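Here's a quick briefing to read alongside the model. Take a look at the sequence and fold first, then work through the topics below.

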Amino acid sequence: LGSGVDTKHYSYSYKKFEKKNIKFLYAGRLIKDKGVIELIKTFKKIVKSNNNVKLTIAGKIDIENSPKIENEIIKNNNSNQIEFVGNITNLKELIIDSDFCILLSYREGLSNFLIESASVGRPLISTNVAGCKEIVDNNNGFLCEKKNIRNSIDIINKSIQISDNKYQQMSLSSRKKALEIFDNKIVLNKYLKIINNII
């Protein structure tokens, strides 16, 4: 269960789902294994027919990890609807301001970004891979196939069509999952039990 999440710091934040301005957020290292290329290509298609949709990409190029995202990719794709904001210190505020949090990763240990977003009460979109599918389910979000841009487009189009009532159900499901499974006190107690059993 990773290191868990501080559910008091990442507290629940209600958000009305208004179709006139739908915001998606990715936060993490800018490397290809996080699905950033697929994310950009997906949203370049999405925003062509949905001028009410915006993607914010937060994070910096991880020069120590390969394959990294090149500066030219950021420069050539930065726009009003796909915005790169670089390294940030206000992740919680960005999550609160977003409607959906998205991660199209190829694999994860366990995604802190998704857990923190769930704790705030945001519906999630991610790939059906280890480290993501443990956090995202049919109640609190949508799973898509990794490296499959066509499928990602279909899933995102599906997400922006849901009603506010459905959105609120998913939001509360995210928060419930964070509280019941990923709260750092629960995770810490599991570790302590294992240590005590060994001792």
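**Asp97 and its surroundings**

Apart from neighbours within four places in sequence, Asp97 is in contact with Lys15 and Lys23, contact meaning heavy atoms within 4.5 Å. Bear in mind that this is a predicted model, where local features need pLDDT of at least 70 and side-chain atom pairs pLDDT 80 or more, while totals for chains, interfaces and linings use all residues. Numbering starts from 1 along each chain as its sequence is written, and side-chain values use heavy atoms, with hydrogens and water left out.

- Asp97 sits in helix 3; helices here are DSSP runs of H or I with at least four residues, strands are runs of E with at least two, and both are numbered from the N terminus.
- Asp97 counts as partly exposed because its relative accessible area is 37%; the scale is buried under 20%, exposed over 50% and partly exposed in between, with a 1.4 Å probe and protein chains only.
- Asp97 and Asn128 are 31 residues apart in sequence and 25 Å apart in space, C-alpha to C-alpha.

**Asp99**

- Asp99 is in the loop between helix 3 (91-97) and strand 4 (100-103).
- With a relative accessible area of 0%, Asp99 is buried.
- Its side chain reaches the backbone nitrogen of Lys23 at 2.7 Å, a polar contact (a pair of N or O atoms within 3.5 Å; within protein, one must be able to donate a hydrogen and the other to accept it, and residues adjacent in sequence count only if both atoms are side-chain atoms).
- Leaving out residues up to four places away in sequence, Asp99 touches a list of residues including Lys15, Lys16, Phe17, Arg122 and Tyr167.

**The nonpolar core**

- The largest nonpolar core has 55 residues, and Phe24, Phe43, Ile57 and Ile102 have the most contacts inside it.
- Helix 1 (residues 36-49) gives the most to this core, with six residues.
- A core like this is a set of buried Ala, Val, Leu, Ile, Met, Phe, Trp, Tyr and Cys residues joined through side-chain atoms within 4.5 Å.
- Ile102 touches, among others beyond four places in sequence, Phe24, Leu39, Phe43, Phe113 and Ile156.

- Lys147 lies in the loop between strand 6 (141-144) and helix 5 (149-159).
- Lys147 has a positive phi of about 60° although it is not a glycine.
- Most residues other than glycine have a negative phi.
- Lys147 is exposed, because its relative accessibility is 53%.
- Asn148 caps the N-terminal end of helix 5, with a side-chain oxygen 3.3 Å from the backbone nitrogen of Arg150.
- Which residues of helix 5 are buried? They are Asn151, Ser152, Ile153, Ile155, Ile156 and Ser159.
- Those buried residues pack against strand 1 (22-27), helix 1, strand 4, strand 5 (124-127) and strand 6.

**Helices 6 and 7**

- Helix 6 (residues 164-182) and helix 7 (residues 184-198) pack at an angle of about 25°, with their axes 6 Å apart.
- Axes are lines fitted to C-alpha atoms, for helices over the stretch in contact, and angles run from 0 to 180 degrees between N-to-C directions.
- Helix 6 and helix 7 are therefore roughly parallel to each other, the label for angles under 35 degrees.
- The contact is made by Leu179, Glu180, Ile181 and Phe182 of helix 6 and by Asn184, Ile186 and Val187 of helix 7.
- Also in helix 7 is Leu192, which is partly exposed at 39% relative accessibility.
- Leu192 and Val85 are 107 residues apart in sequence and 39 Å apart in space, C-alpha to C-alpha.

Terms used: Angles under 35 degrees count as roughly parallel, over 145 as roughly antiparallel, 65 to 115 as roughly perpendicular and the rest as oblique.
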